[in-house]
Every structure is written in C-alpha cells, then in structure tokens.
Amino acid sequence: MSKYEETEVLVVGGGQAGVAMSEHLSARGVPHIVLERGRIAERWRSERWDSLVTNGPVWHDRFPGLEFIGDDPDAFVPKERVAQYFEEYARKIEAPVRCGVEVTSVTKNEGEPGFTAEYTTTDGQTGSIRTRAVVAATGAFQQPAIPPIVPTDSPLQQIHSSQYRNPEQLPAGNVLVVGAGASGVQIADELQQSGRQVYLSVGPHDRPPRRYRDRDNVWWLGVLGLWGKATPPEGADHVTIVVSGANGGHTVDFRDLAASGITLVGRTAAFDGTTMRFNEDLATNIARGDANYLSVLDAADEYIERNGLDLPEEPQARVLGPLPECAVHQITELDLAQAGVTSIVWATGFRLDYSWLHADAFDDRGVPVQQRGVSNEPGVYFLGLPWQASRGSSFIWGVWHDAKYVADQIQIQRNYLTYSSPAEQSETTDHLEKASAR
Ligand SMILES: Cc1cc2nc3c(=O)[nH]c(=O)nc-3n(C[C@H](O)[C@H](O)[C@H](O)COP(=O)(O)OP(=O)(O)OC[C@H]3O[C@@H](n4cnc5c(N)ncnc54)[C@H](O)[C@@H]3O)c2cc1C
C-alpha cells in the first residue's frame, strides 16, 4: 500500500535532536512530522551497553522544559531512564512523532519547491511525504568506525562498542579493548571486573576531573565558557574526552585502571595474523591526559579566586601517583593467542551516514557542509552534529539550543516564501472576486 501526504518540515530521527526540533517548530506554529525508524530515543535503548549511565548528572543533561522527576539531580541515570525521559518529553510537547518509519530517501523535487521523502514502515508499508524542508536529526554517532587492522574473517570475535552489551556476550577468554574514550574505559573496566584479563589500547585523550571543589565537570565546562566554544582547541578535534558516570561518577585515572589489573598499551597500529603491534606512546598519552586534567584544576582555581567563591579547597586532587609499571615498560607487541585474547572490542568511534539524503549538502567525504545546521542546499538542515554550533551540540543539553536556532532559520525562510508582491496580491483579489461573481 502506498501513502502520499504533505508537510512543511520533515524531521528525520526521533532521538533527542528530533524531539527538540519538534518543540521549537511547534512553538513557531510550523507544521511538521517527525519520522523515527525505531522508538523514541532508540539508540539509548538498543545501541548501548546494558550498564551505561549518563556521563553528566541529570540536573544538567536534560532539556529546559522538564526535570528528571523522581531522580536525584546529581545522579547519573541508567540509559533506559534517558529513553523514558525523551518519551515523556515528546508526550508533553505533543510531538508528532511516528515510530517504526524509516526514511529510505529524500530527493529534491525537480522544477518545484521542496523535497520528496520515501519511507518504509516496520510492517512493510511504503509511502512518500512531500515537504518544504528537511531536518536530518539522525545522530552524530551512526555507523561503527573500525580501523581496518584485523581482517573481518579472523577467528577473533570482533565487535564495536555500539554492539557490546555485557561481559557474558563475549566468548570465554581475555579481551583487547581498542580505544580509551568514555566508552572504551567503561567497557574495559566492566570486563576486567568480570574476571577477564583486559588489555586496553590508549590513545591521546583529555581527562577532566569528574568533580573538583564540590562542582561537577559539567558545571566547570559551563562557567568557564567551554560548552559554548565554537570550535575545538587547535589539533584537539579528534582527541577523545574520558569522563564516566559509572559507579556514581568518578575521575578516570589510567593509574587506577592499571591497579585493577588492566594492562595498558599504546595506540593499536598493526596486526600480522598473530601479533598485535602498538605504538610506544602510552606514557606520552597518559602525560598529556594528566596535563589536561591539571589545566582544568588550574582554570577552576583561577575562576574561584577571581570571583571570590567560597568553594572548599582540594589540594589532594593535584597528587598524581607514579606511572604504572605497564606504562613505564610498555609492551609494543602482543601475541593474542598466547595472551589468551579471544575477542576485541573496538571502541573507536563512529562515522556519519546520510546515504538516504540526496542533496547538495556534503563535501567529498560525505560530511555535511553547514553552518550551525543550515546547509549549502536551501531547505536542508542538520541537527546533533559534533561542534555544529559549539562543544555542546552533540550532547543532550546543547542540542536543544541548536534546534532553536535551526527553527528560527526555517521560520525566516518560511516568511520569504509566503511573501507576495502588491501585483500578485491584486491578481489574487481579482481572481477571488471573479470566482465569487460566477
Ligand atoms: C555511548 C554514548 C554515551 C553517551 N552519553 C551521553 C550523556 O551521558 N550525555 C549526553 O548529553 N550525551 C551523551 N552522548 C551523546 C549524545 O547525547 C547521544 O549520542 C544521543 O543519542 C544523540 O542524540 P541524537 O538525537 O542527536 O541522535 P540519536 O540518538 O542517534 O537519534 C537519531 C535517531 O534517528 C533514527 N534514525 C536514523 N536513521 C533514520 C532514518 N533513515 N529514518 C528514520 N529514523 C532514523 C535512529 O533510530 C535514532 O533514534 C552519548 C553518546 C554515546 C555514543
């Protein structure tokens, strides 16, 4: 069966970005539809590991219009609670979200305004929607990115962090976790606690303190103006940020991970079928992370001093232990079979995938060409991209503000398109008068 309908704005994706977009479009009276292939906030439900909690406390990681009712504001809540929050939010704002509808293509209409979206529903129906504008809100973390180091037909079990659920899912044996960002570190810790020997490959990273002088990292990022920064610091756009809300939230220190029994190694470089090779850069990467950590303490101390705030001093936060033995004498080669490693978890990030969107809105690497979500192609908008407008753009609290800007831009275009000249207006009046005289 085929359906056909029209709207002014089609929002593709019903995660936090799609819900925020809907709120701002409704506030401006812009008719729209949100299509979500799964359920609201699907990625929080089915593309993240079982024990995941938010990286930020929920007084911060939320939209302005609703608190996490019933939760301690300083808590890091389980992923299911986040999905429930966005479902509640969508209900509260009466967002026109249709779940179980996957957009398979969006194409520009030839010789007339707007776009046509084709979709398929989970029960196999197909249909089209004609729309003036499209907002791609399909997330920044879409397709697993795994570096081509180990062949896919290797007997080693290889999964991406987005496919990892819990330790029981992996075959018996030890594990190499590649990538030590927020995901890799938490997964490595959980696997080590489950009784396996874990090797964790650590690249360059920033590791801000979880809390310092009675304030969470998200607060420091806010008051120091870092959430609002428009571009990443020079050379740091690919540096991963290691923070964790696990176990009530704690600062990630690689010394603690080594003390728990994890063997830290440098960046994963190559595999010859037997032996994995690592760059000899672990000590440098840890030192760089330490420097970042200390620089946040310095900036926080300076802010407190300058503003005369009465926040408790915390000199012990500056005491870093010695480098762990595995960093002082780093291994650069590991025979995986000899080490009993049977699986690899690649916590190596994500790629964008807008293969459904046929528009002149991408560079030759498929990256959206946009400014604050407004693309090269009139009528095509993006939401939720990393650094779309600022550091906060791909996070819960930041996307709401970006959506407001995108809705403003849509409204501005809408005003242009409804303009008619005095000649057109009198032509319309004549036409109506003639019609009523008949
Ligand atoms: C492991 C992990 C932990 C994170 N923790 C936090 C945190 O604690 N706090 C925080 O602020 N941020 C966190 N983030 C970052 C960010 O908030 C999340 O990635 C969030 O899910 C992004 O929301 P989004 O709406 O932009 O995209 P998504 O959540 O990816 O939503 C996009 C939606 O689009 C749907 N979709 C995709 N393609 C189509 C299509 N063709 N047709 C229809 N629907 C489609 C998907 O099903 C999905 O529901 C985390 C990210 C990761 C990876």
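Let me begin with helix H7, residues 282–307, which has 26 residues and reaches 38 Å from its first C-alpha to its last, close to the 38 Å expected at 1.5 Å a residue, where the expected span is 1.5 Å times one less than the number of residues. Please keep in mind that this is a predicted model, in which local features need pLDDT of at least 70 and side-chain atom pairs count only at pLDDT 80 or more, while totals for chains, interfaces and linings use all residues. Residues are numbered from 1 along each chain as its sequence is written. Helices (H or I, at least four residues) and strands (E, at least two) are DSSP runs, numbered from the N terminus.

Within H7, the buried residues include Leu-282, Ile-286, Gly-289 and Tyr-293, buried meaning that 20 or more other C-beta atoms, placed from the backbone, lie within 10 Å of the residue's own. After H7 comes Gly-308, whose phi is positive, near 60°.

Turning to the sheet, five strands form an open, parallel arrangement in the order E8-E19-E9-E10-E15, and two strands pair if DSSP finds at least two bridges between them. Its edge strands are E8 (157–160) and E15 (263–265), each of which pairs on one side only. Strands E9 and E10 pair in the parallel sense over four bridges, and Val-177 has Leu-200 in E10 as its bridge partner.

Finally, 33 residues surround the ligand, and the closest are Gly-13, Gly-15, Gly-139, Gly-384 and Phe-395; a residue is near a molecule if its C-beta atom, placed from the backbone, lies within 6 Å of it.

Note on methods:
Buried ≥ 20, exposed ≤ 12 C-beta atoms within 10 Å, placed from the backbone.
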